[in-house]
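Please read these notes with the model open beside you.

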Amino acid sequence: MTAESKATPEAVARHYDYITPFYEIIASRSLHFGYWPPGETGGSFAEAQQRFTGLMIKLLGSQKGHHVLDVGCGLGEPATRLAQSTGCRVEGITISPRQAAQAERWASLHEMSGQTTFRCGDAMALPFAAGSFDAAWALESIFHMPDRATVLRELARVLHPGGRLLVADIVLSDKTTPEDRAFLQNAFVARSFISAEDYPYLIRDTGFEVEQVLDVTGNVMTTFDALASAVQGKEAEVRRAYSDEFLAAIQEQWARIAETAKRCMGYVVITAKRR
């Protein structure tokens, strides 16, 4: 089941506009979890983020000539890498005008402007015609949005029949208390969370055939320790960019986030095909 918070699109945009420089200091421009192969916990957070992007590119399976939608594109690094590595064209949408401009600059820096486009857009009412895309992905973005089912139906609308969908998302277990859920929703500026068990049914009910539900909880949870280590190694830079008070607050908050997440959070990557 889901429970909603009052995270509005405007609040999400403000959050990312404020916190993005912090993540650029301690990690990369890919605003998602890291991935560690089974049995591994070493390496930097930024390296693990790049591994996860690579895995999701592989799972999406896009090719040269495909038209791909990135819902919640952030700073454009995953979309740019997707375009570079496969030859596909990528359109990214974000709720933040600042992110859209930063993503355009990143793509230009990597000579990918001809294959990528970034704009402000509402995932609840996608600004594209029906059947416009061969594939779409949403990497840690749907939990920010007011209604998952509406977003997924919009994705089904803009994908042509047989088009592929990849969703990477945080899930919560049935052991999550109302207090834990409220805390995590606030920490992640999330509108709602869903369980891993409910997700496939939601995907099916919104116009897709589920191909795979990949539980990568054991591969991504090292993110919490890796991020804490990255902050420790970049304390001086974080202080310069923000303040002593910001650094102290985020270290204290992150410790609680990590403890709560390790008790009740999971992570799934779902691939599906538009019916």
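1. Basis. This is a predicted model, in which local features need pLDDT of at least 70 and side-chain atom pairs count only at pLDDT 80 or more, while totals for chains, interfaces and linings use all residues. Residues are numbered from 1 along each chain as its sequence is written, and side-chain values use heavy atoms, with hydrogens and water left out.

2. The sheet. An open sheet is built from 7 strands in the order β4-β3-β2-β5-β6-β9-β8, with mixed pairing. Helices (H or I, at least four residues) and strands (E, at least two) are DSSP runs, numbered from the N terminus. Two strands pair if DSSP finds at least two bridges between them. The edge strands, which pair on one side only, are β4 (116-120) and β8 (208-215). From one strand to the next the twist averages 15°; axes are lines fitted to C-alpha atoms, for helices over the stretch in contact, and angles run from 0 to 180 degrees between N-to-C directions.

3. Strands β2 and β3. Strand β2 (residues 67-71) and strand β3 (residues 89-94) run parallel and are joined by 5 bridges. Strands of a sheet pair through backbone hydrogen bonds, either parallel or antiparallel. R89 in β3 is the bridge partner of H67, and L69 stands opposite E91 in β3.

4. How covered are these strands? In β2, 5 of its 5 residues are buried, where buried means under 20% relative accessible area, exposed over 50% and partly exposed in between (1.4 Å probe, protein chains only). H67, L69 and V71 are on one side of β2, with V68 and D70 on the other, and all are buried. Strand β3 has 5 of its 6 residues buried, so it is largely enclosed by the rest of the structure.

5. The largest core. A nonpolar core is a set of buried Ala, Val, Leu, Ile, Met, Phe, Trp, Tyr and Cys residues joined through side-chain atoms within 4.5 Å. The largest one has 65 residues, and F188 and F224 touch the most other members. Helix α11 (residues 244-264) gives the most to this core, with 8 residues. Apart from it lies another core of 29 residues, including F133, L165, I203 and I270.

6. Leaving aside neighbours within four places in sequence, F188 is in contact (heavy atoms within 4.5 Å) with residues including F33, F143, F224, I257 and M265. Helix α11 lies across β6 (159-172) and β9 (265-274), and runs at about 60° to β9.

7. The largest pocket. How much space lies in the largest pocket? About 580 Å³. On a 1 Å grid over the protein atoms alone, a pocket is an open set of points with protein on both sides within 12 Å along at least five of seven lines, whereas a cavity is a set of points where a 1.4 Å probe fits but cannot get out; lining residues have an atom within 4 Å of a point. Grid points are joined across faces, edges and corners, and a volume is the space filled by probe spheres set on the points. Of the 26 residues that line the largest pocket, H15, I19, Y23, A187 and W254 are the closest to its centre. The elements that give two or more residues to the lining are α1 (9-26), α2 (45-60), α6 (178-187), α9 (222-233) and α11.

8. D180 lies in helix α6 and counts as buried because its relative accessibility is 11%. Not counting residues up to four places away in sequence, D180 touches T260, R263 and C264. G54 lies in helix α2 and, at 24% relative accessibility, counts as partly exposed. The C-alpha atoms of G54 and L82 are separated by 8.4 Å, though these residues are 28 residues apart along the chain.

9. Two positive phi values. Most residues other than glycine have a negative phi, and most peptide bonds are trans. E140, in the loop between β5 (133-139) and α5 (148-158), has a positive phi near 55°. V189, in the loop between α6 and β7 (192-193), has a positive phi near 50°. E140 counts as buried at 7% relative accessibility, and V189 counts as buried at 12%.

10. Helix α5. This helix is mostly covered, with 8 of its 11 residues buried. Among them are R148, L152 and E154.
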